[in-house]
Amino acid sequence: MFKKLISILKEHPRKIVFTEGTDPRILEASARLLSGTFLTPILLGNEDEVRAAAEDAGFNIRGAVIIDPEKYENMEAMVAKMVELRKGKMTEDEVRAALKKSNYFGTMLVAMGEADALLGGATYSTADTVRPALQLVKTKPGNKIVSSCFIMVREGVGENTVLAMGDCAINIKPTEDELVEIAVETAKCARIFGVDPKVAFLSYSTFGSGKGEDVDKMRNACEKTKAAMPDVPVDGEMQFDAAVSPRVAQTKCPDSKVAGYANTFIFPDINAGNIGYKIAQRLGGYAAYGPILQGLNAPINDLSRGCNAEEVYKMALITAAMI
C-alpha cells in the first residue's frame with residue numbers, strides 16, 4: 001500500500017506541515033522523508049531549537065523548511081487573511097494571539113497555499129487539530145461535516161488485506177444524512193489506498209432480524225447511500241459476521257452483493273466504531289492508520305499522542321497522497 005502512495009507522491013512532490021517541529025518522532029520521520037525527493041517537511045518552531053533537537057537526536061533534517069511563527073515575514077498578510085476567513089468572529093488581536101500557536105499557524109499555511117497538507121497531534125489533542133481546520137480550511141462544497149476513517153492493514157504470508165472503517169473518531173452519534181456523507185467519503189478514502197469499496201452498514205440486525213431506532217437509522221442511511229453512489233456496492237443493515245463471512249452471508253442474506261465480502265464498514269456511532277477498530281487492531285493483527293479526516297478542503301490529519309516515528313512517517317504519506 002505504501003509503495004503505491006510513494007509512487008503517487010513521486011509524480012507530484014508536495015509540502016507537509018508538522019506542527020510540532022522539535023518532537024523527536026517528527027524529526028525522525030522528517031529525516032526519513034528527506035531521504036526521498038517526494039515530500040518536503042515544513043517544521044514549525046524556533047529554528048535554533050529545532051536544529052538543536054535534531055542534532056541531539058542524531059537526525060539529518062537538511063532540506064527541511066523550518067518556520068518560526070514568531071519571525072514569519074508574511075505575518076501581516078496571514079493575519080489579514082485569517083481575519084477574513086473568520087468573518088468577524090475573531091478580532092485582529094485575537095487572530096494574532098491564535099497564530100502564536102502552531103496548530104493555527106500551520107493551518108493558515110495550508111489555507112494560504114504555502115503548504116499542501118498538515119499533520120499534527122503528536123502533542124495536541126484531536127480537537128486542537130480539527131478546530132482550526134474547520135474554522136480556516138472548512139469543508140468541501142457539498143459536505144456539511146468532517147468525519148474520519150481508519151485504514152486497517154494486515155500483512156502476512158500471501159496476504160495483504162486493507163480495510164476502511166468509519167467513523168471511529170469524530171461524530172459521536174451521526175444522523176442518517178451524516179452517515180451517508182461518512183459512507184461516501186470513506187469509500188473515496190478506501191480507493192486512495194487501493195481498496196475497491198464494498199460498503200456494509202453495520203448493525204446488531206441483518207435485514208430486519210432486529211428492531212429499533214438504530215436499526216431503522218442504518219437501513220435508511222444505507223438506502224440513501226445507494227442512491228448517492230449507484231456505482232458502488234452498498235448494503236445493509238447487517239451484522240458484522242454477515243458482512244465478512246461468506247458462509248454466514250449465504251445463510252442470512254444470500255442475495256447480497258456485499259455480504260461476506262465487505263471491506264468498507266460504516267458504524268452506527270462512535271462507540272461501535274472506536275471499539276470495532278481497536279478490536280481489529282489488538283486482536284485481529286491489523287495496523288490502524290488514522291484517524292484520517294474526511295470532508296475538508298485540504299488534507300489535514302491527526303496523530304495519536306502515543307504514536308511512534310514509523311506511524312508519523314506513514315501518516316505523512318497518507319496525508320499528502322489525499323490531495
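**Charged side chains and their pairs**

Author: At 52% relative accessibility, Glu84 counts as exposed, where exposed means over 50% relative accessible area, buried under 20% and partly exposed in between (1.4 Å probe, protein chains only). The model is predicted: local features need pLDDT of at least 70, side-chain atom pairs count only at pLDDT 80 or more, and totals for chains, interfaces and linings use all residues. Residues are numbered from 1 along each chain as its sequence is written, and side-chain values use heavy atoms, with hydrogens and water left out.

Glu84 makes a salt bridge with Lys81, with 3.8 Å between the closest N and O atoms. A salt bridge here is a side-chain nitrogen of Lys or Arg within 4 Å of a carboxyl oxygen of Asp or Glu. Lys81 is partly exposed, at 29% relative accessibility. Both residues belong to helix 4 and are 3 residues apart, about one turn of the helix; helices (H or I, at least four residues) and strands (E, at least two) are DSSP runs numbered from the N terminus. An α-helix has 3.6 residues a turn, so residues three or four places apart point the same way.

The structure holds 18 salt bridges. Among them is the one between Glu47 and Arg51, whose closest N and O atoms are 3.1 Å apart. These two residues lie 4 residues apart in helix 3, again about one turn. Glu47 is partly exposed at 37% relative accessibility, and Arg51 is partly exposed at 39%.

In helix 9 (residues 213-228), Glu223 and Lys226 are 3 residues apart, about one helical turn. They form a salt bridge with 3.3 Å between the closest N and O atoms. Glu223 is partly exposed at 41% relative accessibility, as is Lys226 at 29%.

Arg32 takes part in a network of salt bridges with Glu310 and Lys314. The charged end of Arg32 also sits over the ring of Tyr313, 3.7 Å from its centre; the rule asks for NZ of Lys or CZ of Arg within 6 Å of the ring centre and within 35 degrees of the ring normal.
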